[in-house]
Structure formats: structure tokens, C-alpha cells
Amino acid sequence: MTEDSSADLYFSGALERLGECDPNVAVAKAKEKLDSLDSVTLNIAVTGETGAGKSAFINAFRGLNDDDDNSAPTGITETTKQVTMYTHPSKSNVRLWDLPGTGMPNFKANKFLKEVKLETYDLFIIISSERFKENDVFLAKEIEKKQKRFYFVRTKIDNDIRSVAKTRNFDEQKVLCTIREDCQRNVKELGNPKVFLISSYDLGKYDFQDLVDTLELDLSENKRFALVQSVPVSSLAMLEKKKEVMEKFIWLAALASGLGAIIPVPLLPMVIDKMVLTTYLVHCHYTLGLNEKSLIKLSERMNKPLSQLKSAIKSPLALAVVDKLTIRPRTSVAKPVKSLEDLLDAKFLVTSFMNASEAFKFTCTVLRGALNDMINDMRQVLQAAGLND
């Protein structure tokens with residue numbers, strides 16, 4: 001197969017995925033689909049017994065500490081009196097809803113159901129820090145009636161492990177197995193649903209990755225993308241998950257950027273819309289946790305100098321994205337960094353495209369290489385943070 005025919009097949013395959021034969025219509029659809037990825041809302045309800053750690057889970061999911069601005073208030077007493085929405089700090093289309101505790105003495109089931117409006121949410125996280133109880137099972141049954149998904153999460157696992165870690169013949173896996181089996185016994189009437197063991201203060205341990213994988217499988221494509229973008233990078237496994245999802249949309253960004261290639265201007269070389277490419281790469285930057293705020297949070301959580309984490313970012317493209325998003329005082333003198341636009345120009349100027357198929361395939365190659373560079377940088381950041389296992 002020749003290089004030209006390979007490009008043509010690759011391009012026609014992209015058009016087929018959008019159900020279009022007309023390239024111009026396909027490009028418009030690709031742009032529309034890319035826009036929809038950021039506009040689709042994901043509503044996650046978090047409920048459970050009073051004091052079970054709902055607010056701490058919501059904060060951890062959004063990559064926040066309990067004392068950060070816009071964090072959900074935590075405490076040993078019930079801090080959630082009414083349904084409260086918390087948007088994700090960098091993905092405002094992802095919303096976590098803190099529902100009032102179901103374990104309060106004055107809990108009234110009918111009033112609770114009327115107030116929370118179960119149909120509002122895409123899925124439900126039912127949280128307990130001990131055993132799941134009658135109210136948890138009741139709520140799960142009501143959620144099922146609405147044909148919604150629920151997931152049981154057992155929190156504060158780090159406390160349980162710490163309390164027995166110094167006992168003779170301590171075996172962490174046996175302790176986790178005992179906790180899981182004890183929780184499952186209390187919800188077996190629901191058909192033995194899976195119970196996820198989680199520490200909100202160390203998402204890289206235990207079952208958080210498994211929970212995200214399970215949620216992802218149960219969501220539509222756009223909501224799946226919103227979910228994976230929003231969760232913090234707490235491990236190499238989560239980084240690979242994000243890479244997998246971002247790779248799936250490279251073809252869309254490449255096609256959406258090809259308007260100039262499909263409708264070329266006479267006597268001028270084919271044009272790639274680099275604004276679309278830049279937007280995609282900035283999305284990758286935030287999704288992978290290379291942005292300033294995410295690095296600060298990682299630095300605080302792992303007790304590592306921020307400068308040490310930043311120094312792990314070495315690829316010219318990742319540094320260019322960092323530079324593009326950095327706001328500096330006019331008087332500041334920064335180390336010269338080649339701009340993102342210049343780097344993209346340099347890649348495309350070396351190639352002369354004869355048709356849209358060639359432009360599309362080459363753009364996919366450029367984006368895939370850029371994503372891999374950023375992934376490798378984030379691997380180095382995690383290693384510098386001590387999260388390379």
C-alpha cells in the first residue's frame with residue numbers, strides 16, 4: 001500500500017465515523033463534537049450516613065484539600081443540611097452534589113426523596129465509613145427504581161489500616177478483604193453489588209482507580225470523557241487512563257483543524273487551523289495535571305518542593321503550553337521559551353500537503369507525538385513526587 005492510499009483510507013475512515021461523505025460537512029461536525037465534549041454535564045450525587053466522609057470525598061475527587069477555597073466543608077458533625085452543588089475547579093461541566101446525610105436521627109425517607117430529586121443526577125456514590133445500613137439499602141432501591149446507577153464506597157480505609165498496622169501478623173490484604181466482605185454482607189439483598197474501598201486522602205491507593213474504571217464503563221462517551229478529564233492524576237495507572245481517553249479524540253481534533261485543507265485557497269498552501277490544535281493541547285495539559293494548580297496540590301500532598309516537580313517538565317511543547325498559560329508582570333524576565341504557535345508552525349512548514357487526506361494523517365501524527373511528550377513529562381513529575389509505583 002502506498003503512502004497516499006494509506007492516508008486516503010485513514011481520512012475516509014474518519015469521515016465514516018461521523019457518518020458523512022462530504023468532507024466539509026464532516027469538518028463542521030467534528031468541530032461541533034469537540035465543542036460538545038466540554039458542554040456536556042456530568043452530575044454525580046454523593047450521599048450516605050452522617051460523618052461518613054462525603055465532603056472529603058467530593059474535595060478529593062476535585063483535587064482539593066479540605067481547607068482550600070471552594071472546598072466542601074468537613075467535620076465530625078453533619079455539615080450538609082441541604083443539597084449543595086460543587087463544580088470542578090477546571091471542568092465546570094462536572095458537578096458533584098453533596099446530599100444531606102441519611103443517618104441523622106430525624107431522617108425522613110419520603111422528605112429526603114422529595115428534596116433530592118433523584119432524577120437530577122447521572123449516578124450516585126453511596127458512602128459509609130463503617131457498615132452500610134438500612135437507609136443506604138433503602139436509597140439504593142429507590143435509585144434503581146429511577147433506572148439510575150449507584151456505587152457503594154467504603155471510606156476512611158487509611159484509618160482502618162493504621163489502627164491495626166502494628167498488630168502481630170498484620171496482613172493488609174487480609175484486612176481489606178475482611179472489610180470488603182463485611183460491607184458486602186450488608187447489601188447482599190441488592191444482588192451483591194461491588195464495594196469500593198477508598199482513602200480520600202490517598203486516591204492512589206486501594207480502589208479509586210477501579211471505581212473510575214467502573215463509572216467510565218457505565219457512562220455515555222461524552223460523559224465518560226468529562227469524568228476521566230476531571231479526576232486528579234494520583235498514580236501512573238490513572239495517567240495511562242487519561243492517555244487512553246485523550247488518544248481517542250486525536251482524530252476529531254485533526255479533522256476539525258482541517259477546514260483550510262479541505263477548502264484550500266487558490267494559489268496558497270493548504271492551511272491547518274492551529275487554534276483547534278492549540279485548544280486540544282491545552283486540554284491535554286490540564287487533563288494530565290501539568291498545570292500550575294495541579295502541581296501545587298501534588299507538591300503539598302507528597303511534601304515535595306514545587307520546583308522539583310516543575311523541573312521534571314522538559315519537552316519543548318509542554319514547556320510552551322506552560323509558558324502560554326503563565327501570566328507574568330510586565331517587568332518580569334522569563335527564560336526564553338519557544339511559543340506553542342511557533343512549534344506547531346515549525347512542524348507543519350516542513351511538509352507540503354497535496355490533499356486533505358495527507359493533511360489529516362500528518363496532523364494526527366503531530367498530535368499523537370505531542371500527547372506522548374506530555375505523558376512522558378507527567379511520568380517524570382510523578383516519579384519526582386514519589387508516585388512512580
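Select K242 and V228 to begin: a polar atom of the K242 side chain lies 2.7 Å from the backbone oxygen of V228. This is a polar contact (N or O atoms within 3.5 Å, where within protein one must be able to donate a hydrogen and the other to accept it, and residues adjacent in sequence count only if both atoms are side-chain atoms). The model is predicted, so local features need pLDDT of at least 70 and side-chain atom pairs 80 or more, while totals for chains, interfaces and linings use all residues. Residues are numbered from 1 along each chain as its sequence is written, and side-chain values use heavy atoms, with hydrogens and water left out.

K242 sits in helix α10, residues 236-247; helices here are DSSP runs of H or I, at least four residues, numbered from the N terminus.

Now select α9, residues 221-230, where 8 of 10 residues are buried. Among them are F225, L227 and V228.

Finish at Q147, in the loop between α5 (134-145) and β5 (149-154). Q147 is exposed, with a relative accessible area of 76%. From Q147 to E119 the C-alpha distance is 8.9 Å, across 28 residues in sequence.

Terms used. Buried < 20%, exposed > 50% of the residue type's maximum accessible area, 1.4 Å probe, protein only. Helix = DSSP H or I, 4+ residues; strand = E, 2+ residues; numbered from the N terminus.
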